[in-house]
Amino acid sequence: MAPSEAVRENVSPGLFDRLTSTSEPALQDLQEAAQLALQVEFTTIPVYLSALYSISDTGSHVYQTLRSVAMEEMFHVNQAANIIVALGALPKFTGDAVPTFPGYMPQANPKTTPMVGLFRASPDVFANVFAAIESPSQYGAPPQGDNYDSIAQLYGALVAAVDAYPGNPFSTTGVPGRQRTNIYLGKFGGNVNEVMDKESFHAAVNEIVEQGEGTVPPEKPLVPVESFGTYNHYGKRTDGTYGPILGTPYELSHFLKFREVSLDSANFPATLPIISNPDSSDYTNPQAKRLSDSFDDHYSLMLHAFEATFKAGDSDPYFSVVLSIMHRVLPHLARALMSTPAFADGDSSVGPNAAPAWRYRSDTNRTFGELTQELEDELDQLSTSPRENALRTHLKTALAGDKEIVTSAKALGL
């Protein structure tokens, strides 16, 4: 099932027809439109991270560029989730909200947008998949809900619907969820804000769109690319607000970052020989199957914990579970997979090697304790061959992360 098909099960038929044909959109329709925006943002993360983990040189410009974008996409996901909470609903990350690959971006126009999938990093992937995902709309392009040509136009449709709603559709009290404004992005851009009214909603959407696709200014309507911030750097200013800081080097939009990398193919770093759009059912190496299942179980539990972070209440697994899995476990499980031949008697230095499929396992009944034990068993089965050194190192690091999560997960009832 392609991502676009999965989303259509989660979004009512004719959603954007209703939003544009009525003078007063229903609040539930606004909630569904915001949920679609969240799913669009989240769909990019497995795509970017799969390519990121395949890059051998983590100090390379290409790796750091892609990592910066992946981090900022997490900011976009968080900001979209805040919009949903402010509209009185809860963000959904599990079930039919989970992207599947390969496919198109949720509800995108398949004739004008790229097929997205899980690929080994390359200049072609940066140009034809990543830059195409983040391609900016032309100045004055109309809002589009169904079959949108650019992500910016989808947000345009959401903005138009919110603007048409009478009064203020947002609230910070009496809603079932909580907004997150305390995420940490390190040196990367993004300032997650609480959404309280139409003005703060506009600010949130503008930041997402400008940082991702960039904007085409009215004085250059035929120029299809423009850097985010143009001649300014976007960041937190001395007065605490987020915006352009004059006189500093500009920050490129995600689109221009990807375009820059794709044009410098001579300096592209080495990558691991992984399978594109992996399916563990094709593997004949039992070890690859086990590691693939472990990755998917961790990913699925992370998605459940992610949903819980936006629910109102005392329990908050964001830092102790969600971020720990995302930063300490999944990257190392992914690299362990990418160091493992997909087929029996294969050679990991030649490939093809396995890779994470980012499958949501709704039927998983694993606990974090069981996952930890499975990783320990996997380590015990490794030989002392130098060829398995990389695999051993990544599994040990993932196991250490797991052991820290177990205590927090138990306390939170996960």
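This note walks through the predicted model point by point.

1. **Basis.** The model is predicted; local features need pLDDT of at least 70, side-chain atom pairs count only at pLDDT 80 or more, and totals for chains, interfaces and linings use all residues. Residues are numbered from 1 along each chain as its sequence is written, and side-chain values use heavy atoms, with hydrogens and water left out.

2. **Confidence.** pLDDT is the predictor's confidence in each residue, from 0 to 100. The protein averages 86, and 85% of the residues score at least 70. Helix α1 (residues 3-10) has the lowest confidence, at a mean of 40. The highest is in α3, at 97. The pLDDT is below 50 over residues 1-9, a stretch with 27 contacts in the model beyond near neighbours in sequence. Residues 221-233 also have pLDDT below 50; there the count is 49 contacts beyond near neighbours in sequence. Contact means heavy atoms within 4.5 Å. Where pLDDT is low, the predicted coordinates should not be read in detail.

3. **Overall make-up.** The protein has twelve helices and two strands. Helices (H or I, at least four residues) and strands (E, at least two) are DSSP runs, numbered from the N terminus. From that end, the order is α-α-α-α-α-α-α-β-β-α-α-α-α-α. Of the 414 residues, 57% count as buried. Buried means under 20% relative accessible area, exposed over 50%, partly exposed in between (1.4 Å probe, protein chains only). Among contacts between residues at least 6 apart in sequence, 73% join residues at least 24 apart.

4. **The core.** The largest nonpolar core has 120 residues. Its largest share, 15 residues, comes from α3. Such a core is a set of buried Ala, Val, Leu, Ile, Met, Phe, Trp, Tyr and Cys residues joined through side-chain atoms within 4.5 Å. The residues with the most contacts inside this core are Y48, L66, F126, F130, F201, F306 and L395. Take Y48 as an example. Not counting residues up to four places away in sequence, Y48 touches L66, V69, A70, E73, F130, I133, E134 and F258.

5. **Helix α6.** This helix spans residues 151-164 and has 14 residues. From first C-alpha to last, α6 reaches 20 Å, close to the 20 Å expected at 1.5 Å a residue. The expected span is 1.5 Å times one less than the number of residues. Ten of the 14 residues are buried, so α6 is largely enclosed by the rest of the structure. Among them are Q153, L154 and Y155. The buried residues of α6 pack against α2 (15-21), α3 (27-54), α5 (123-133) and α7 (198-212). I151 is found in α6 and is buried, with a relative accessible area of 5%.

6. **Aromatic pairs.** A search of the whole structure finds 15 aromatic pairs. F126 and F258 form one that is edge-to-face, 5.6 Å centre to centre, with 75 degrees between the planes. F126 is in helix α5 and F258 in helix α8 (residues 254-262), 132 residues apart. Both are buried. F295 and W358 have ring centres 4.9 Å apart and planes at 85 degrees, so this pair is also edge-to-face. F295 lies in helix α9 and W358 in the loop between α10 and α11 (368-381), so the pair ties together parts 63 residues apart in sequence. Rings of Phe, Tyr and Trp (its six-membered ring) pair if their centres lie within 6.5 Å; planes under 30 degrees apart count as stacked, over 60 as edge-to-face and the rest as tilted. F42, F93, F306, F310, Y318 and F319 form one aromatic cluster.

7. Helix α10 (residues 318-338) bends by about 45 degrees at S324. The bend is the angle between axes fitted to the seven residues ending there and the seven starting there. In α10, 16 of 21 residues are buried. H298 sits in helix α9 (residues 286-309) and is buried, with a relative accessible area of 0%. Leaving aside neighbours within four places in sequence, the contacts of H298 include I325, V329 and D402. T340 is in the loop between α10 and α11. T340 is buried too, with a relative accessible area of 0%. With neighbours within four places in sequence left aside, T340 has contacts including N285, N353 and L391.
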